[in-house]
Amino acid sequence: SLALSPRNALTLLFSSYRNLLARKQSARLDKQNDLGWKLFGKVPLRENAQKDSKKIQKEYEDKAGRPSKPPSPKQNVRKNLDFEPLSTTALILEDRPANLPAKPAEEAQKHRQQYEEMVVQAKKRELKEAQRRKKQLEERCRVEESIGNAVLTWNNEILPNWETMWCSRKVRDLWWQGIPPSVRGKVWSLAIGNELNITHELFDICLARAKERWRSLSTGGSELENEDAGFSAADREASLELIKLDISRTFPNLCIFQQGGPYHDTLHSILGAYTCYRPDVGYVQGMSFIAAVLILNLDTADAFIAFSNLLNKPCQMAFFRVDHGLMLTYFAAFEVFFEENLPKLFAHFKKNNLTPDIYLIDWIFTLYSKSLPLDLACRIWDVFCRDGEEFLFRTALGILKLFEDILTKMDFIHMAQFLTRLPEDLPAEELFASIATIQMQSRNKKWAQVLTALQKDSREMEKGSPALRH
């Protein structure tokens, strides 16, 4: 054994430590290079990370702009495109990475053709979409211009001379096309009328009474016990609770009649005032939709006047007072014209025992405002204000005719479900074209004559039947 001096031993120890440190650094670099190999081919991660982005871009441009390969017509087409499917471009048109074999000429040509076809199809789609947008814009401009001209006609010619012009052929044609929203409320008010002679002051009185009743019921008071003799406090309370519940379900998608919405208090006031004005009728489910449509087109007091007069019409009163005998008479009259206009569908309904009350009640109670899109329902209201209750049943037949082919293939359950939940995208022009084909005449008798004859028969049956009398 050789003895080492302290100095030689220290030198040997330091040399061993330096060699160990060098081996560790070398292992770390190898590991990084392996990672770089895995991620980016043969380029080490560190070397790649140190490259400046501008240098990388310059290298790419130099490579793409080599003089040996002049730009092809396809590349010029790509430069003019607003939109380019970049990932597809990279796969089809760009050169493969250096570490991969070059594309065969046939494959490159095939890929260029595929890309060119894709560009042509994309341009076709863009052109088709641009044409569709242009057509939509032109149609919108046409409709707006038509509405503007109609507004001038209504304001300058018809409304100032309402009594002499409202039933003229020109006005009836304009009515059918739809009343412009800016004059709709005024036209509805004039068409519905005010046979009940309700004033704004009477509305204020009824509203004050309704508010007093709400306070009384909330505090459990009995100061209104002597009012509305024959109507119990329980009935009044149930009516007010039903109003509160129904308001929350009125046009929920609009979010304007619910608690906190801009028209919540207005709708609540009109319905509450009506229960005080007509305690014999009270509040019936469905009234909130009628009042809401009026609120959207009229001031509060005028909406109340129109609402009260509208509900006073014979058909609405029969339904909202739930006069079963008269409701059945209306259904019977409807079936007369149903069989006359749509005999095949009428027979199919009879075979499946689908009676009119299953689908008509909701349509009549809300004047289609719950069953149809709001703008379409307003157009139905336009002509209803002109033609009266007959148009409600004519509209029902128009809906049945529009979907006749679908309904004749359904059973009872599916027919009932379909008619109580009509399609939300029901086109207005198609529906009105269908309604226009419905003839409200049966054996030379019009709607009013058929209804009157059926009412007379119903009264005679009641007189002749002891069971019905009792």
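I counted salt bridges first: the structure holds 14. I took a salt bridge as a side-chain nitrogen of Lys or Arg within 4 Å of a carboxyl oxygen of Asp or Glu. The model is predicted, so local features need pLDDT of at least 70 and side-chain atom pairs count only at pLDDT 80 or more, while totals for chains, interfaces and linings use all residues. Residues are numbered from 1 along each chain as its sequence is written, and side-chain values use heavy atoms, with hydrogens and water left out.

**Lysine 170 and glutamate 157.** I found their side chains in a salt bridge, 2.8 Å from N to O. Lysine 170 sits in helix α8 (residues 169-177) and glutamate 157 in helix α6 (residues 105-158), so the pair ties together parts 13 residues apart in sequence. I read helices as DSSP runs (H or I, at least four residues), numbered from the N terminus. Lysine 170 is partly exposed at 44% relative accessibility. Glutamate 157 is also partly exposed, at 34%. For burial I used these cut-offs: buried is under 20% relative accessible area, exposed is over 50%, and partly exposed is in between (1.4 Å probe, protein chains only).

**Glutamate 212 and arginine 215.** This salt bridge spans 2.6 Å, N to O. Both residues lie in helix α10 (residues 200-219), three residues apart, about one turn of the helix. I noted glutamate 212 as partly exposed at 29%. Arginine 215 is partly exposed at 46%.

**Arginine 278 and aspartate 280.** Their closest N and O atoms are 2.8 Å apart, in a salt bridge. Is arginine 278 buried or exposed? I have it as buried, at 16% relative accessibility. Aspartate 280 is partly exposed at 32%.

**A network.** I also found Glu129, Arg132 and Arg133 linked by salt bridges.

**Helices α16 and α20.** I then turned to α16 (residues 324-341) and α20 (residues 389-402), whose axes come within 10 Å and cross at roughly 45°. Axes are lines fitted to C-alpha atoms over the stretch in contact, with angles from 0 to 180 degrees between N-to-C directions. The two helices are therefore oblique to each other. Oblique is what remains after roughly parallel (under 35 degrees), roughly antiparallel (over 145) and roughly perpendicular (65 to 115). On the α16 side I listed Tyr330, Phe334, Phe337, Phe338 and Asn341; they meet Glu389, Phe393, Ala396, Leu397 and Leu400 in α20. Contact here means heavy atoms within 4.5 Å.
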